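Thanks for coming. I will take a few minutes to walk through one model, and you can follow along on the screen.

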Number of protein chains: 2
Amino acid sequence: MTPDTTPAELEQALAAAAAAAPAFGAAEPAVRAGWIRTVADALDAAVDELVPIAMRESSLPEARLRGEVARSTGQLRLFADALVEGSLLEVVIDTADAAAKPVPRPDLRRVLVPLGPVLVFAASNFPFAFSVCGGDTASAFAAGCPVVVKGHPGHPELSVRTAEVMIEALRTAGAPDGAFGLIQGFDVGVIALKDPRITAAGFTGSVPAGKALHEIAVTRPEPIPFYGELGSLNPVFVTQAAIDARGKEIATGYVGSFTLGVGQFCTKPGLLFLPVGHGLQDALTEAVGGVAAATMLNERIKETFDTGLTRLEKVEGVRVWGSGGATLLQTTVGELLARRDEILEECFGPVSIVVEYDGLDELRSAIAAFDGNLTATLHAEETDNDLATELLPLLTAKAGRVLWNGWPTGVAVSWAQHHGGPFPSTVGSIHTSVGVTAARRFQRPVAYQDAPDAVLPAVLRDANPLGISRRIDGAISTGEVKR
Amino acid sequence: MTPDTTPAELEQALAAAAAAAPAFGAAEPAVRAGWIRTVADALDAAVDELVPIAMRESSLPEARLRGEVARSTGQLRLFADALVEGSLLEVVIDTADAAAKPVPRPDLRRVLVPLGPVLVFAASNFPFAFSVCGGDTASAFAAGCPVVVKGHPGHPELSVRTAEVMIEALRTAGAPDGAFGLIQGFDVGVIALKDPRITAAGFTGSVPAGKALHEIAVTRPEPIPFYGELGSLNPVFVTQAAIDARGKEIATGYVGSFTLGVGQFCTKPGLLFLPVGHGLQDALTEAVGGVAAATMLNERIKETFDTGLTRLEKVEGVRVWGSGGATLLQTTVGELLARRDEILEECFGPVSIVVEYDGLDELRSAIAAFDGNLTATLHAEETDNDLATELLPLLTAKAGRVLWNGWPTGVAVSWAQHHGGPFPSTVGSIHTSVGVTAARRFQRPVAYQDAPDAVLPAVLRDANPLGISRRIDGAISTGEVKR
């Protein structure tokens, strides 16, 4: 075991992050983008060393982990590109208007600036993509914030080694010391969260842990934003037409999705709603029977899963349709509504529930029964378009990402991605933890009023010397400001 | 006195807001913009009736209140325009990319959707612009959220009459019933804040009240965003060169700003930092001597001001330079740093403190002594550009808006405005309460994955039928999507 960070080491990490913040935040976009790309390159170069450590500590397979490194480094590069493009800064310039009513309008120039040091609580289930070098870190870097990661105890050696690679890369690239740091230990993380030098926090983990940390963050003497991704059931709703067109494909796709990564995805489809008479029981149980047993991330997760599965199997009205490397349960909408809280409690791991609905009213009732989720999925055909047009707003009310004829376990990293959803899937549902707009969580606006060009930051100057995208008097432009 | 809202009336208001939310939020931008413009027109038409009520209840003068109505209705129209333009929806479309690494990328289309009913706690000091028909209401409407305003007890009749005008206008325009409601009473506001149908809250008022309500909002079983504007000192820093160039103008400008509206502005300049030997004492005391006594907003504010002023005048090292209709105090940076917490406690009303600094190191120390503020101002000349380039980042670290050679009491409503700042000037400092981007507080993203064009909301369809501004594969465009 890697020992907990000592109080002296924690103080050093926080002091260094605070000291680095002004220079790290003030670096011109292309310069900071260069630092971020150097980190990506260093991680790619270290993949052969890092992946075996990750395999040993997480029990995840090599191909998956290599893909995760590629995803993480691609994510860093996407943020670097977005930083240079300039939209991340949301520059808005309103030139002075002496004729404005009811009073003349001054020259106002708004830009997003970094909040300061960000604390990231790493997750266990993605040792790269949601851990030390994951999306929270990448987006905070893009925002201009130094990052202190509280490593997950599930992969302590990987955390240390990843951090070393990143710190060395940042030093090589010329970033200020303290731009990145790693701390370890439960109590250490809580102490850091309360420290006034920490200006925001990101978290991926369980609902109870996320709620407890959220409360600490928002009731500090100086409250800070806390972005927590807590838990999600990710229901999938299937129409009769979709069953008719590709029932078997849906059955195998579903089992593949809910057992991916041993069911240890926050986007695992936890429930599949099928019309009664779907005729897929055999296909489903056959697919589940073919799932090989696999080791879970760690003993604690395995114990929690076993307890949760045993609990779920005993809920009245829930039947076991298949078990082995994964477990498939079955119930009905009527039973789900009667025992909603028991059935709709997330069980993290390779289990999912088929829920049979009898008619569209039951389908609507089932959708209404959910709290917030990261995703909701509809499997439907073109003949369902009227129904889909009615159901999609119900689904977007319950989830941050709505999929059509897909499976929620993949989360593409792009400009348009949204990984977040109404509470309790996240706290801070107005922002995303994946995708380019995730940087917005760690920025605050500053407006300059009537400042002369010579003293303005380069991104706000008339001539637009960095050539970034800006909103000038209401219209987006990469041009210069004409006063 | 207007009686408190009864439990039955509160239930009716919340139920109506919740019932209105889907239709109000789903209305196409141009349709909702039309509703908002109808509200603006109705308020303008009612100005002759509303302003006298406001004068009687707030003791503010007619010209100021007429300007405030114009500001409020202009604000509503600006939001309506921005809604139609489309940027408020932050549409981002990434078309599918089968060649993306490490995995193929689906078609993803992100749009901001309204959170749901918003609770607005109205302020006393702007009976229009930060009250029933103020910026929180306008921005929530633009976001697509029904609004329930908890009226300020300082102007109860105006609140009721303003709400009646707005409700009638919304009904005439065809908006769903419940899109707007008014409640009154301290306990009633707290009950509403805890209600699960309320999805976000805006607040303008004192630090203690704001902190207490914030804590309720973020520790509910389902935490909600709380945007509070609490208090601000708005320091002004003046260089020797600025004194040399226009010392007297600065003296009169300062007194005019801190006594505007009887000093009852959240952006009142509470401290003016002058270099020792500035020679402005006579000009300042003369200007203060010319300020006529005026009635404050209400008895409670007057009592709090009197208590605060008496306290401040007794702080060791604080001297009275002038008093009458307004009070001017004086101290030094050394004394301020020695009794920081006593001197840097906001006193809402017509009082401000001249603080003399001896050299640039003292000026830097003074800036560092501040917590978060809505504004910070620098008065400097072109010969100060090197100094200004050094000081501006120190000021943006402490404030959300940084003014050059101006006075902070005017807050223009435009695209680029930012009215917000680090804690304790606001909670939720990553967003603004004034300006077009204020709507972002009441929206959350939703991403559609691989949904066919026919079932997508109009704003996300390939053909861009509403002609709004969207980011397509990384670039802003009003064009159509080519798949």
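I will start with the ground rules, then go to the contact between the chains, and end with some local details.

This is a predicted model, in which local features need pLDDT of at least 70 and side-chain atom pairs count only at pLDDT 80 or more, while totals for chains, interfaces and linings use all residues. Residues are numbered from 1 along each chain as its sequence is written, chains are lettered from A and ligands numbered from 1 in the order in which they are written, and side-chain values use heavy atoms, with hydrogens and water left out.

First, the interface. How many residues does the contact take from chain B and from chain A? It takes 69 residues from chain B and 69 residues from chain A, where contact means heavy atoms within 4.5 Å. The two chains bury about 5400 Å² between them, and 62% of that is on carbon and sulfur atoms. Buried area here is the accessible area, taken with a 1.4 Å probe, that two parts lose on being put together, summed over both. Of the area that chain B buries against chain A, 12% comes from Ile430(B), Arg444(B) and Gln449(B), more than from any other three residues.

On the polar side, 29 residue pairs are in polar contact between chain B and chain A, both residues at pLDDT 80 or more. A polar contact is a pair of N or O atoms within 3.5 Å; within protein, one must be able to donate a hydrogen and the other to accept it, and residues adjacent in sequence count only if both atoms are side-chain atoms. Several elements of chain B each supply at least two residues to the side that touches chain A, among them α4 (62–85), α15 (385–396) and β14 (399–404). Helices (H or I, at least four residues) and strands (E, at least two) are DSSP runs, numbered from the N terminus. β16(B) gives the most to that side, with seven residues. By class, the side of chain B that touches chain A has 35 nonpolar, 17 polar and 17 charged residues. In that tally Ala, Val, Leu, Ile, Met, Phe, Trp, Tyr, Cys and Pro count as nonpolar, Asp, Glu, Lys and Arg as charged, and the others, Gly among them, as polar.

The rule also finds two salt bridges across this interface, a salt bridge being a side-chain nitrogen of Lys or Arg within 4 Å of a carboxyl oxygen of Asp or Glu. Arg471(B) forms a salt bridge with Glu85(A), with the closest N and O atoms 3.6 Å apart.

Strands pair between the chains too. β16 of chain A, residues 443–449, is joined to β14(B) by three bridges, and the two run parallel. Two strands pair if DSSP finds at least two bridges between them. Gln449(A) has Leu403(B) as its bridge partner in β14(B).

How are the copies arranged?

Now inside the chains. Chain A has an open sheet of six strands in the order β5-β4-β3-β6-β7-β15, with mixed pairing. β5 (180–183) and β15 (426–427) stand at its edges, each with a single partner strand, so one side of each is left without a neighbour in the sheet. Four bridges join β3(A) to β4(A), which run parallel, and Val120(A) stands opposite Val149(A) in β4(A).

In chain B, β10(B) and β11(B) form a hairpin with four residues between them, and Gly324(B) in the turn has a positive phi of about 145°.

Last, two backbone details. The peptide bond from Phe423(A) to Pro424(A) is cis, with omega near 5°, and Pro424(A) lies in the loop between β14 and β15 of chain A. Val262(B), which is not a glycine, has a positive phi near 55°.
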